[in-house]
Amino acid sequence: MYAIIATGGKQYKVAEGDIIKVEKLNVEEGKEVSFDVVAVSTDSDMLCGDACKNSSVKATVLGDGKGKKVVVYKYKRKTGYHKKQGHRQPFTQVKIEAINA
């Protein structure tokens, strides 16, 4: 059994016990969070749209962190213009506890 959830403008395929990194959530470590369900696949069939509006995915927050550094380098020729910036995207790590279809 797996589900497709939507959070932070992205969709993730998850199963029970999975640990995933999602866009930063304003939830404390150890708290439980639920996600919007786009689709649910059970052993017998696939539910999506209005058929899965009663479904839910519960997860526990494991912690926050930052991703790998992305270097942004801007350059314009013949003018001496160079600009180097770095960015580390924050994320929240969650563990999928239950999928209720």
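Contact means heavy atoms within 4.5 Å. The legends below describe a predicted model, in which local features need pLDDT of at least 70, side-chain atom pairs count only at pLDDT 80 or more, and totals for chains, interfaces and linings use all residues. Residues are numbered from 1 along each chain as its sequence is written, and side-chain values use heavy atoms, with hydrogens and water left out.

**View 1. Contacts of Ile 96.** Residues up to four places away in sequence are not counted here. Ile 96 touches Val 14, Ala 15, Glu 16, Gly 17, Asp 18 and Ile 20, and also Phe 35, Val 57, Lys 58 and Ala 59.

**View 2. The largest nonpolar core.** A nonpolar core is a set of buried Ala, Val, Leu, Ile, Met, Phe, Trp, Tyr and Cys residues joined through side-chain atoms within 4.5 Å. Buried means under 20% relative accessible area, exposed means over 50%, and partly exposed lies in between (1.4 Å probe, protein chains only). The largest core has 18 residues, and those touching the most other members are Ile 5, Val 14, Ile 20, Phe 35, Val 57 and Ile 96. At least two residues of this core come from each of strand S1 (2–7), S2, S3, S4, S6 and strand S9 (90–100). The most come from S4, which gives 4 residues. Strands are DSSP runs (E, at least two residues), numbered from the N terminus. In soluble globular proteins, nonpolar side chains tend to be buried together.

**View 3. Salt bridge between Glu 23 and Lys 10.** A salt bridge is a side-chain nitrogen of Lys or Arg within 4 Å of a carboxyl oxygen of Asp or Glu. The structure holds 2 salt bridges. In one of them, the side chains of Glu 23 and Lys 10 meet at 2.7 Å, N to O. This pair links distant parts of the chain, 13 residues apart: Glu 23 is in strand S3 (residues 19–23) and Lys 10 is in strand S2 (residues 10–14). Glu 23 counts as partly exposed because its relative accessibility is 22%. Lys 10, at 38%, is also partly exposed.

**View 4. Salt bridge between Asp 64 and Lys 24.** The side chains of Asp 64 and Lys 24 meet in a salt bridge of 2.9 Å, N to O. Asp 64 lies in strand S6 (residues 56–66) and Lys 24 in the loop between S3 and strand S4 (32–41), so the pair ties together parts 40 residues apart in sequence. Asp 64 is partly exposed, with a relative accessible area of 45%. For Lys 24, which is partly exposed, the value is 40%.

**View 5. Lysines over tyrosine rings.** A charge sits over a ring if NZ of Lys or CZ of Arg is within 6 Å of the ring centre and within 35 degrees of the ring normal. Lys 13 lies over the face of Tyr 2, at 4.4 Å from the ring centre. Tyr 81 has Lys 76 over its face, at 5.9 Å from the ring centre.

**View 6. Cys 48 and Cys 52.** A disulfide is a pair of cysteine sulfur atoms within 2.5 Å, and the structure holds 0 disulfides. The sulfur of Cys 48 has its closest cysteine sulfur in Cys 52, 6.6 Å away, which is too far for a bond. Cys 48 is partly exposed, with a relative accessible area of 49%, whereas Cys 52 is buried at 1%.

**View 7. Asp 50 in its loop.** Asp 50 is placed in the loop between strand S5 (46–48) and S6. Its relative accessible area is 67%, so Asp 50 is exposed.
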